[in-house]
Amino acid sequence: MKKKSIFLIAATATLYFNNAYAQETPQDSAKVSSIDQIVITGNSNPKKKIESSTAISTFNAKEIQKQNPISAAALLQRVPGFAVETSGGEVGNNLFARGIPSAGAYEFVQVQEDGLPVFEDGALQFANADNFFRVDNSVNRLEALRGGSGSIYANNSPGGLINFITKEGTNDFKGTAKLETGTYGLMRTDLNLGGALIQDKLFFNVGGFYRTDNGIRKTGFKANNGGQIRMNLKYVFDKGYAKVYYKKLDDRNTFFLPIPLVQDGNTLKEFPGFDPNYGTYSYRAISQLNIPQAGGGFFSRNLEDGIHPKVDVLGAEFKYDLGNNFSVLNKTKYTNINMSYTGIFPAGGPKTAANFAQENGIAGNTFQYSLVSNGAMVNPANVQELGFWAIDKQMSNFVNDLQFSYKFDKGSVTAGFYKSNWKSHQYWNWSNILTTATDRPQLLNLVDTSLAPTDKGYSKTYNGVSDMSFLIRDSQIQGSLNDLYFNLDYNITDDLSFNGGIRYSRDFYKGYKVSTTTANLDNSGLTTDGTHSFATTTADDNMAVLGNRYTYWYYDVNKVSYTLATNYKINRENAVYARFSHGFRSPNEEAYYNNIDDLSHIKPVQTNQLEVGYKYYSRTFDIGVIPFYSTLKNLSFTDVYSDGTSENKFANTTNIGVEIEGYTRLFNNILEVTFNGTIQNPKYKDFRGRNADGTAFDYDGNVVRRMPKFYFNISPAVNITKEWRAYVSMNYYGKRFQNEGNTDDNILPSFTEFGAGMSYQLGKIRFAVDGTNIFNTIGITEGDPRSQMDSGTNIRMARPIMGAAARASINLDF
């Protein structure tokens, strides 16, 4: 009773101070009121947030500026229902919507720019949607929709829509300029300019950034280097507008993969010789690959090139009032992408020097390791085999969305036709290299001293390469999407509204793969060192060579998605809604490739979602509470293992949960708190079968892998004065299982990451300092899905978040 009284007194005092001393928000306030916010994503027409029967989070340009996210994924961590893994670096991260499992990427959501996809499929192999998008000062706002009407307004998006809306010019010339530096060699500049070329008629906006840094993890080279420019021109006339835009992205980013850690009870700790916060296998000393090919010539690659997309986007948008309450809107865009992708993927965990030698056919103690760099003999405690994975992708996408709308007294009707043609061709060339199991790895050679240097099999490596081009893949996938959609908004009363939508998808997919054979260089006439032939090494024994047999496949999708919802405004500040939606996701690229000889094994993933929600928006307090329930059928698991094979399993899942999102200003606007959280229980259903080795598995009822049951973010900020502002952020990520079996040796522990920062507003100039992971938490977002755990040891391969880092910036608004 005493405890309840204390809580009651505290709550009463909070409301008293909040209402009695409410005033205008300080200049540097983190958030504007949601009560009058207009949203367009997942709706047929712009609509007040409180009147939209969707679960949608919004962030305007100022809010994004205050958060100063290090990547797009870091920004999306602030959205409830989205479990985001940010440990890959600036790009290549993973997002899971409402507990929907996948191999990663953005498989069940669509990332958009101005309502059209960044690329039609955001989960192609090694082509995560965030590879082709960057957050900079040209972004006007973000609208992130979960579930709901996502399947009606986009393809393959039953988990939601992530729509980045860019700035446009106005009659007033405006601009922002930003300079930023950091503790990891960061130098970045952002610039955005917008205004009118002809008052009230012709407007322009141009913006972009350039950035270079060494990376928070110590790579020994420029981990990130590049930038983008984005511009648009908009002409407004009496009955509508026409807009054209262009984007150029040329950026290079290092992709970070799992590192070794030691399991100590329920925690993961540092592996000897490997810094978990700043160490990485992606290091300069192993960055060059140059090996002869069985078909002739050499294959060369530089790890420093990392993920390097070159993206060109040209688009247009046209809206016209046809009269009599009819209007037409057409959006079109062409995207061309050339991307080279180079990353270090561990092939299992570290092994003792003796065990690795034994596994490679050297009995007893007749093994000898040496450094490739200088030939010095070494005796490492542990060695590591690493995949040096190189992928080249050429991608293109033409999309057109034609939409007709009719408004009447009680609502509106929208009908549209969506057409998208896209293609992706990829070439893989993968090798394995041998290094020390340290965070500044050195390339190693391994020989059998019981043999003579001229004997067959004397060496197990070639300049540190243990498996030369063991996997080569040449394949292509194309999509032709032809979708009709219809949406009805109807106001039953002034406060009660109905929304219904349907989308018919007649989509066609096709592709091919090229056969491969194995070969070696024993009779090529080439030498390993200028003297000895390749018969003296085993590194070339299983080289892949492209054949001349093409296997073609075709797959049609004929599906209907639909949604029904109602929204009731209790009053100006309160609303409740309910929505049911049925959607689907076409099979992903790897599923087609793995089942190319019999596509009857794969089916589109079907989703059913039910959500109800309560929203309260006021000038000083926002809250959204959204319980949801979802089921999925035919979900494919397609992780590619270190040996080039794929998981190729299928399952059903269920999930029940609740999303919470809120914001409050307290004590005369001195204290502001933003928070979001998700509680869920995603489980496998009817997940039984056999592994590749023939053993049976039964995962029915197990918790879905990599999914936390509970995660949240809370960020209190104090407006010390109208100029000074300080904040702290806490991000909690609950315990997860790395594998479907939910075994104890595959637990990923919960962790809490803290950030902090301070800003000072001097007129139109803003000074800020932002710190991330300030306590150097070892926070694990994923294990190693490409390799199974080594039983009998306490070594675990996992991918931690980045170590502590700080950034300082100066931003000028003019």
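Modeller: Over residues 278-770 the chain is 3% helix and 63% strand, counting DSSP runs (H or I, at least four residues, for helices; E, at least two, for strands), numbered from the N terminus. The end C-alpha atoms of that stretch are 18 Å apart. The span comes from an unreviewed UniProt entry, which annotates residues 278-770 as "domain: TonB-dependent receptor-like beta-barrel". Such annotations may be inferred rather than shown by experiment.

This is a predicted model, where local features need pLDDT of at least 70 and side-chain atom pairs count only at pLDDT 80 or more, while totals for chains, interfaces and linings use all residues. Residues are numbered from 1 along each chain as its sequence is written, and side-chain values use heavy atoms, with hydrogens and water left out.

Now the end residue. Asp-770 lies in strand S45, residues 765-772. Asp-770 is buried (under 20% relative accessible area, 1.4 Å probe, protein chains only).

What does the side chain of Asp-770 make a polar contact with? Its partner is the side chain of Tyr-727, at 2.7 Å. A polar contact here is a pair of N or O atoms within 3.5 Å, one able to donate a hydrogen and the other to accept it.

Leaving aside neighbours within four places in sequence, Asp-770 is in contact with Lys-66, Asn-68, Tyr-727, Ala-756, Gly-757, Ala-805, Ala-806 and Arg-807. Contact means heavy atoms within 4.5 Å.

Note on methods. Buried means under 20% relative accessible area, exposed over 50%, partly exposed in between (1.4 Å probe, protein chains only). Lys and Arg count as positive and Asp and Glu as negative; His and the chain ends are not counted. A salt bridge is a side-chain nitrogen of Lys or Arg within 4 Å of a carboxyl oxygen of Asp or Glu.
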